[in-house]
Amino acid sequence: MTLDRRNFIKLLGGASTVAMAGVASVASAAVAAGSASEVMPKGKQRRVVVIGGGYGGTIAAKYVRMLDSTIEVVMIERNKQYVSCPFSNYYIGGLMKDLSPLTISYDKLAKNHGIKMVYADVTAIDPAAKTVTMGDGKTISYDRLIVSPGVDFRTEEIEGYNDQTSLLMPHAWKAGEQTILLRKQLEAMADGGNVIISMPLVPYRCPPGPYERASLIANYLKTNKPKSKVMLLDANADVVAKKPLFTKAWNTYYKDNMVYIPGKKVTKVDAATKTVTVEGIEDFKGDVVNFIPPQRAGRIAVAAGLVGPDKNWCPVDTVSFESKIHKDIHVIGDSAAAGAMPKSGYSANTEAKVCATNLVALMNGKETVDLSTLNVCYSAISDHESISVAFVYKVIDGKIAAVPNSGGISPVDFSTTQHEHIYAESWLKNILTEMST
Amino acid sequence: MMKWSKRILVSGVLAFSANAYAMPPTPEMLTFGCLGCHGGAGSAGPSMPTLANQSKEAIVDAMKKFKSGERPATVMGRVAKAYTDEEFALMGDFFSKQKFHVTSQTLKKADIKKGAELAKKNCSRCHMENGKEGKDEAPVMASQWLPYLQIQMELYSTEKRKMPEKMADKVKKLSKEELDAILTFYANVK
């Protein structure tokens with residue numbers, strides 16, 4: 001190995017981490033002895049706590065255990081079951097009869113890899129004491145923490161948005177009850193009714209998601225409610241993902257049932273009258289309104305002060321996904337500002353593997369490895385055709401960037417869409433299997 | 001496919017170098033990214049091909065042809081362009097060392113029987129040991145997901161994917177039903 005500057009820093013980092021870890025375990029032992037509210041007091045074994053059991057958290061927990069089984073892993077997750085956001089548009093568009101293909105539980109994962117599950121809401125992180133606090137006030141201590149909480153909604157920026165809004169105007173941007181609610185509203189709508197989808201400015205979770213949703217709702221309307229239309233109000237100036245492919249699909253298949261209007265940033269909602277207002281002046285009223293609010297890092301990441309100057313996303317190191325704000329806390333998935341990587345399930349999956357690899361290296365005083373990640377994301381455009389985007393990422397000039405002269409979107413002649421639809425289904429099965437076994 | 005002794009030797013070298021003072025990227029770092037689609041220990045199906053226990057030569061050959069565009073692809077052509085030939089070799093090593101993955105598929109029994117005889121007669125010189133081994137770049141076929149094999153045969157038949165000459169000689173003499181039976185036989189090998 002040549003000892004260039006970067007490697008030298010890596011070695012230093014590794015060494016100082018070992019020293020710190022030693023100090024930390026003494027400190028948390030003291031906490032354990034003195035704190036009645038602590039659960040699962042930490043013994044001599046080093047511990048990684050993972051917050052969130054989604055696309056990022058499950059994989060991070062699993063890979064830490066796979067890479068070093070001497071490290072104890074505790075995963076804290078709110079729900080006993082997880083419903084995948086990727087492919088939930090299939091259900092909304094009537095291509096999936098229930099949510100079971102999207103749903104996983106954690107039993108097998110925990111058993112196969114010796115991950116300790118705690119089902120709780122995390123309300124606070126103390127980076128100095130190295131503890132997390134749960135909804136019931138109990139605390140759990142860690143040596144390193146992985147935060148993978150997905151996104152939260154910036155509803156305070158929307159005039160008229162309150163606790164009841166999402167029950168009348170579902171966002172369906174976190175899968176589960178919201179997904180079912182939107183589907184029910186579409187089914188109940190009379191032929192001739194109009195659907196409005198309002199989507200926020202980038203960055204938000206799943207860039208192609210709103211466009212796929214509009215396509216699959218249009219596909220549903222075309223066959224079942226031919227007099228109806230879906231109107232997609234995009235806050236962005238233009239289609240931000242897979243543009244030539246979505247545009248072609250809309251022009252070819254959905255001219256009669258879909259309208260795309262860019263540059264329409266909704267700033268006010270009135271759930272009672274199903275009305276959204278653009279920039280305070282222009283009203284749009286629908287029979288079904290799917291209002292997707294602007295987003296930021298998951299609530300716990302914001303509460304723990306892990307977000308950067310933009311107040312929305314968490315700046316992280318490009319090697320280990322360690323927070324640039326708090327030491328020994330790593331942030332992955334939608335909450336992380338990961339350079340050119342989109343906020344997608346596949347991004348979270350590969351970020352989790354890089355994070356686990358280098359977190360384990362750091363805990364063991366070993367050299368870290370340069371990042372290599374992927375995003376592979378399919379969107380259905382009808383009941384038998386899908387399109388995709390695929391990019392490989394590495395660190396270029398200190399930033400996570402797509403590898404030049406590679407990656408991209410499906411061919412615009414749609415020559416691969418039917419095969420991609422077949423493979424897309426398998427993507428879902430494989431990635432959920434990796435998360436749950 | 002390499003003989004066992006040689007494969008073990010290669011594995012040994014890699015296992016040593018992966019941890020201590022490896023030049024980035026390690027085979028693990030490169031390959032973990034593939035597993036979201038292709039499965040951590042083989043594909044859960046129903047169409048994404050299993051790469052666990054695939055031969056190194058077959059993987060390197062496939063990736064090179066995806067990269068050059070010689071082999072038609074959905075996403076793999078775009079993905080392969082991001083890696084070097086050396087990285088393909090590291091990926092091939094990783095997958096070839098994974099345990100053989102047995103799939104569970106609903107298959108036509110009559111096709112399995114018919115396919116066994118046809119495969120033995122036509123394919124076994126390159127797809128050896130009932131498809132558990134492959135000669136040179138010939139891939140391991142055993143227990144592969146049937147929809148994947150069918151898509152590949154469709155690409156061969158429509159001349160979008162180029163067959164090796166010896167394979168083309170055999171395939172042109174077989175009907176679509178016979179080819180389907182052969183693929184079903186291989187998919188069923190445990």
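1. Chain B contains eleven helices and one strand. Here helices (H or I, at least four residues) and strands (E, at least two) are DSSP runs, numbered from the N terminus. Read from the N terminus on, the elements of chain B follow the order α-α-α-α-α-α-α-α-β-α-α-α. Of the 190 residues in chain B, 53% are buried. Buried stands for under 20% relative accessible area, exposed for over 50%, and partly exposed for values in between (1.4 Å probe, protein chains only).

2. On the basis of the note: this is a predicted model, in which local features need pLDDT of at least 70 and side-chain atom pairs count only at pLDDT 80 or more, while totals for chains, interfaces and linings use all residues. Residues are numbered from 1 along each chain as its sequence is written, chains are lettered from A and ligands numbered from 1 in the order in which they are written, and side-chain values use heavy atoms, with hydrogens and water left out.

3. Over all chains, the search of the whole structure finds 23 salt bridges. A salt bridge is a side-chain nitrogen of Lys or Arg within 4 Å of a carboxyl oxygen of Asp or Glu. One of them joins the side chains of A:Arg46 and A:Asp68, at 3.2 Å from N to O. This pair links distant parts of the chain, 22 residues apart: A:Arg46 is in the loop between helix 1 (5–34) and strand 1 (47–51) of chain A, and A:Asp68 is in the loop between helix 2 (57–67) and strand 2 (72–77) of chain A. A:Arg46 is partly exposed, at 24% relative accessibility, whereas A:Asp68 is buried at 11%.

4. A second salt bridge is formed by A:Lys130 and A:Asp328, whose closest N and O atoms are 2.8 Å apart. The two residues are 198 residues apart, with A:Lys130 in the loop between strand 6 (122–126) and strand 7 (131–134) of chain A and A:Asp328 in the loop between strand 19 (314–315) and strand 20 (329–331) of chain A. Both A:Lys130 and A:Asp328 are buried. They also belong to a network of salt bridges that links A:Lys130, A:Arg144, A:Glu322, A:Lys327 and A:Asp328.

5. In a further salt bridge, the side chains of A:Arg296 and A:Asp152 meet at 3.9 Å, N to O. A:Arg296 lies in strand 18 (residues 295–297) of chain A and A:Asp152 in strand 10 (residues 151–153) of chain A, so the pair ties together parts that are 144 residues apart in sequence. A:Arg296 is buried, with a relative accessible area of 16%, and A:Asp152 is buried at 17%.

6. A:Thr277 belongs to strand 15 (residues 275–278) of chain A. At 7% relative accessibility, A:Thr277 is buried. Its side chain makes a polar contact with the side chain of A:Asp283, at 2.8 Å. A polar contact is a pair of N or O atoms within 3.5 Å; within protein, one must be able to donate a hydrogen and the other to accept it, and residues adjacent in sequence count only if both atoms are side-chain atoms.

7. To return to chain B, B:Glu117 is found in helix 7 (residues 109–122) of chain B. B:Glu117 is exposed, with 56% relative accessibility. B:Glu117 and B:Gln144 are 27 residues apart in sequence, and their C-alpha atoms are 18 Å apart in space.
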